[in-house]
Amino acid sequence: MCGEPKWVDYGDEESLAVAVVRRERKGMNSNTFLQISKISKTFPGVKALNNISLEVERGEIHALIGENGAGKSTLIKILSGVNQPDAGAEIYIEGKKIEVMTPLESLRRGIVVIYQDFSLFPNTSVAENIAITTDIENGTPILNWRRIRSSARAALARLGIDINIDTALGELSVAKQQLVAIARALTYDAKLLIMDEPTSALSKGEVELLFKVMRNLKESGISILFVSHKLDELFAISDRFSVLRDGKYLGTFGEDELDDDRLISLMVGRKIEYTVYPKRKCDDKVLEVRNFNKIGNFKDISFVVNRGEILGITGLVGAGRTEVLKAIYGINRQDSGHLFLEGKEITIGSAQDAVRHGIAYMPENRLREGLVLRKSMADNIAITVTDRLVDRVGLLDRGKLRDLVEEWIRKLNIKPAIADMLATKLSGGNQQRVVIAKWLALNPKILLVDEPTNGIDVGAKADIHKLLRDLAESGISIIMVSSELPEILAIADRVIVMRRGKISGEFDGATATQEEIMNKAILGVRQQAAS
Amino acid sequence: MIHVSTEKLIRRFKNKEAVLFLIFILLFALMSLISPGRFLTWRNLQSMAYQLPEFGIFAIAMMVVIVSGGINLSITFTAALASIVGGLVLSTLSAAGTPSAIVIIAGIATFLVVALACGALNGLVVASIGVTPMLATLGTMTLFEGVCLNITKGGAISGFPDAFLWFGGGTVLGVPFPLIVFILVVIATHYIMERSAFGLKAYMTGCNPTVTAYSGVNVKKILYGIYLFSGLLCALAGILMSSRYNSAKESYGSSYLMQGISAAVLGGTDIAGGYGKVAGTVIAVMILQVISTGLNIFGVNRYITNVIMGGILILVLALNLIGRGEKAIA
Amino acid sequence: MKLKLKQNREFGILAILIVVSTVIGLNSSAFFTVENLFDILKSNVVLGMLAIGMLLVILTGGIDVSVGSMIAAVTVVVGQFLVHVTGNVVLAILVGTAAGTFLGVINGILIAKMRIPPIVVTLGTMSIIIGLTLYITNGTWITGVPDNFINFGRLTIGSFYRQGDDMIGLPVQFLFLVFTAILTWFMLKFTLFGRGIYAIGGSRASAQRVGYNLDRITIFLYAYEGFIIGLAGVVHTSIMRQVDPNAFSGFEMQVIAAVVLGGASTLGGYGSVFGTILGVALFTVINNGLILMHIPTFWQKIVVGIVLITSIGFDVVQKRYWENHTTKVDIEEA
């Protein structure tokens, strides 16, 4: 089936990108802060980064663009010293070569990463959150609050924002907390600020404020590496853009060298190497979602799922897809909206309700939400169907249980075929199969799947695809959330695209193209940025 | 836990429980060797046979809660409260001249109802309100103690009908009644926890409540069930205890809290939840009982015995920690 | 959780304190006498000191149920020292604090190194400590405390009211409470140790990332608590003039209740010395009120239980309220 690597060359577009890169790479100059090349990172079974190069100038806001899984997070971890690149990597900071990048070294060189969870303390003041880092480093015996407060005030002033330094951090909005995190970075004497999805929890106005701060930082000579999937924002603030795709570096571009189409091509331009299954037109409506709304999650969500079809829901990370799925399943209840199962309106207030109605849910985070890792395959498969396995008194019929587990091991070809094997010892693909088994044992009408092949090696992915298609053929309706466009186009009969909490497009799985879908996912980026 | 093949069963038994049983045999032999005249006597064995059941039932009451991912610090005061209220019913009705059978039935029923109410309160605070079991049962424990003291004003309730003494001291075909109760409890708990759907759900909840909830299990109901069951066991322990002492006081059985945790953990119950076998807990109870009785016979000051028991808890926790590290690697 | 809310909480407790005091004062004329108030003060200095020590533990999100046994042990050690060695006050204090710190360090090391909930560890140490203590004393009291120590315990500062022919002042033990409060307040506010405690309580993972040495802070924390317990033990002995090793059975629950009543969150990260003192005051006023109004003191334990459950429940509900109000997705405006 598919044993080939994912990074298939796209031909022309690739060479175009390479050409652009060649033009860009003038070699190090005095304005370069960071230059890396030959960066690769191999994890067991997967090459997350393949020969990456990157160059960030002083006082530049540099965007790092790529789909989910393109390698952005891995690159950040390498730059901050958390992970080590494969041998042969070259990292230069301000012209000096760094042999080994450790977290301490990275910090000392002025690279500060601002993560999505900030690492701040909600119960202490803004001033303390910003400035106590110096004291911790120096081991100050007696704290001088006047120094701490003035240091905090100075940091905030450098950012050009006004926050009361005596308020408790927990009292501030997420946006302000983020600004505090940035202020703290300044006390570390940051020269390169790496921000990972900084705007995911911000409103439009708050994003504006953040950008103002970023421009202030830029003025003072600090570089910012801005990782985001929100392309309209990137275009509004960044000087240059570097594109990653499937672990490869496609080039660095200035603003005028990129338009929507080229950008989309770069991001998704690849042959679909999965088996593309013939799509079916199903019309027996089995589930209807009408006007689902949830503040801060999604708005005006309405769609239909037919019997035996695979409905793919895609979009950029953070578009609200998982939230919709969870709402249907009852674990993230919508504020308003109606749900119809086979024509009858139903209310699902909990996972139990959902299961009772024949709806199953395979979460995105298989390891934390899909399986009990420290328990056996058998326990995990049986937990959904205990009602069918008990005798009159409520005791489990061991014989029935054994038969059930062995039946599914056989049907889904789970390896190794040992029912008592702990789930944690199985490979990713087999773990996913156990999750599928546990739900199929229930004979569900509808299967909600979130990123079905996340973290699974290529060969196993194809098997899961076939499995899902077979399930659909047998009459189960599947709603599949996926960030992998090739996967969507391979198996989905219909596709819905979500963007910023709303549905932005609907396609026929047989005729849609990656570009069309991505277009709907990011919708008119340049125009957005301009407005 | 679900055993799918008998070979696996034997192999697993060869591990933890067998080791524990071995330790028990060794200790028993040791005690007998050191002081056969006093340890290996019929009287001593009988005494242990009468005392062990109440300890054992407490240990199991603790174990089931720990398995579900929590802890029940209120077991001893649940039993005490049940004993005091039940005792009041017993003594009042008895003094009023009610026929013995009715007194006993009413009394036992009171024990059960009070303890179940305590269990329900625990369930409410943990499952419905969502307080962590440690803090929740810390609070209920204090509350129950307070109510006990309020009723007894520090004294003891007595005046039980003679028939009641049979529970703690009587025999059936030569076997002490408490022991029979204990055996029944062990068997029942084994089936409930390790062989029923409820039990499977409880273990899974203890391991990962999120996944279990997502799998369509009503986790709240399971937790309520666990705390109610734990309360029920406390009622039984309370009946045996107050029958043995022929009185009820809030301080009776207070040492069983810590010893209960020790026994559960020593018996292989993971303090974090999700693992634990009744057999293991039972053997651990036997081990601790032998140690405690042995020390008593050798004239070791009872305070030192407490010290040793405390030390055993710490030791057992430390060993469990190391064991857990190995489990992750294995 | 709002810092402002917490400050409001403290003023709220002060308000409750005033209201409760007024109610009691109206019901019993004996309440608002200087004599009575000083009495309350003297008999609750120990609770106050232990509560301040316990505050540090609760700030990190833990609970120490061994305080009762620890102070019992300290009083025994101090008692034996006073009776058999010397009645020298300074030495007694040294011995007491040394004993307390030693016990605290043991707790600290066990808790820091064994990733087991502090409550379970301290359950074990509690048994060990009280077992040893009772063994050494065989449960009997220690009497025969030398006179100069007794006289020290009777010292008062200033003259506030007339009792017969004497002028009575503030009990000297009060100074110890003040000392403990000020020292702890200082440590919490002006040392990295103190800020580290708040950090651990606020976000343990962040504390680690930011560079606080968690193990060292934990061990020092329990050692410090032990130190205060040691001091409190000396103070207690100076009040009672004899040692009853059983005096503190179940005392830990009252200490925890007082701390929690003073606004500290059982989830960690929130609480202050001032709040704790208010909590202790409220707790003792309630108890005193119960006595003066001739309500059986057994209600005390029920009060403690209810206080604990309500406070803990409140903390949890508040936390969940905050969690439900965070935005997950930035929805595009129409």
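Why does Thr140(C) count as exposed? Thr140(C) has 11 C-beta neighbours inside 10 Å. A residue is exposed if that count is 12 or fewer, so Thr140(C) falls in the exposed class. Keep in mind that this is a predicted model.

Where does this residue sit? Thr140(C) is in the loop between H5 and helix H6 (147-154) of chain C. Now look for Asn246(C). In sequence, Thr140(C) and Asn246(C) are 106 residues apart. In space, their C-alpha atoms are 8.6 Å apart.

Step back to the whole of chain C. It contains 13 helices and 2 strands. Its radius of gyration is 21 Å, close to the 20 Å that the globule rule gives for 334 residues, so chain C is as compact as a globular protein of that length. Its C-alpha trace spans about 85 × 50 × 35 Å along the principal axes. Of its 334 residues, 51% are buried. Next, take the contacts in chain C between residues at least 6 apart in sequence. Among these, 78% join residues at least 24 apart.

Turn to chain B. It has 15 helices and 2 strands. A compact globule of 330 residues would have a radius of gyration near 20 Å, and chain B agrees, with 20 Å. The C-alpha atoms of chain B fill a box of roughly 65 × 55 × 35 Å along the principal axes. Buried residues make up 56% of the 330 in this chain. Contacts can be read here too. Among those in chain B between residues at least 6 apart in sequence, 79% link residues at least 24 apart.

Chains B and C touch. In this interface, 33 residues of chain C are in contact with 33 residues of chain B. On the chain C side, helix H5 (118-137) and helix H13 (299-323) each supply at least two residues. What kinds of residue make up the side of chain C that touches chain B? There are 23 nonpolar, 7 polar and 3 charged residues.

Chain C also meets chain A. Here 35 residues of chain A are in contact with 26 residues of chain C. Helix H4 (126-138) and strand S12 (298-306) of chain A each supply at least two residues of the chain A side. H4(A) gives the most, with 6 residues. By class, the side of chain A that touches chain C has 11 nonpolar, 16 polar and 8 charged residues.

Now follow chain A itself. The domain assignment gives three entries: domain 1 (12-268), domain 2 (283-358 + 444-531) and domain 3 (368-443). The centres of domain 1 and domain 3 of chain A are 44 Å apart, taken over C-alpha atoms.

Look next at the sheets of chain A. One is an open sheet of 6 strands, in the order S16-S17-S18-S13-S19-S20, with mixed pairing. Strand S16 (359-362) and strand S20 (502-508) stand at the edges. Each has a single partner strand, so one side of each is left without a neighbour in the sheet. From one strand to the next, the twist averages 20°. Inside the sheet, strand S13 (residues 310-315) and strand S18 (residues 477-481) of chain A run parallel, joined by 4 bridges. Ile313(A) has Val481(A) as its bridge partner in S18(A).

Helices pack on this sheet. Helix H10 (residues 321-329) of chain A touches S13, S16, strand S17 (446-450), S18 and strand S19 (494-499). The direction of H10(A) makes about 150° with that of S17(A). Helix H19 (residues 514-522) of chain A touches S13, S19 and S20. The direction of H19(A) makes about 30° with that of S19(A).

Another open sheet in chain A has 4 strands, in the order S12-S11-S14-S15, and its pairing is antiparallel. S12 and strand S15 (344-346) of chain A are the edge strands, and each pairs on one side only. Strand S11 (residues 285-294) and strand S14 (residues 336-341) of chain A pair over 5 bridges. Arg290(A) has His338(A) as its bridge partner in S14(A).

Which helix packs on this sheet, touching S11, S12 and S14 of chain A? It is H10(A), and its direction makes about 115° with that of S11(A). H10(A) also packs on the sheet of 6 strands, with S13 among the strands it touches.

How values were computed: Residues numbered from 1 in each chain as written. Chains lettered and ligands numbered in written order. Predicted model: local features only at pLDDT ≥ 70, side-chain atom pairs only at ≥ 80, totals over all residues. Pairing = 2+ DSSP bridges. Axes fitted to C-alpha atoms, helices over the stretch in contact; angles between N-to-C directions. Contact = placed C-beta atoms within 7 Å. Nonpolar A, V, L, I, M, F, W, Y, C, P; charged D, E, K, R; others polar. Rg over C-alpha atoms; globule rule 2.2 N^0.38 Å. Buried ≥ 20, exposed ≤ 12 C-beta atoms within 10 Å, placed from the backbone. Domains from an automatic or database assignment.
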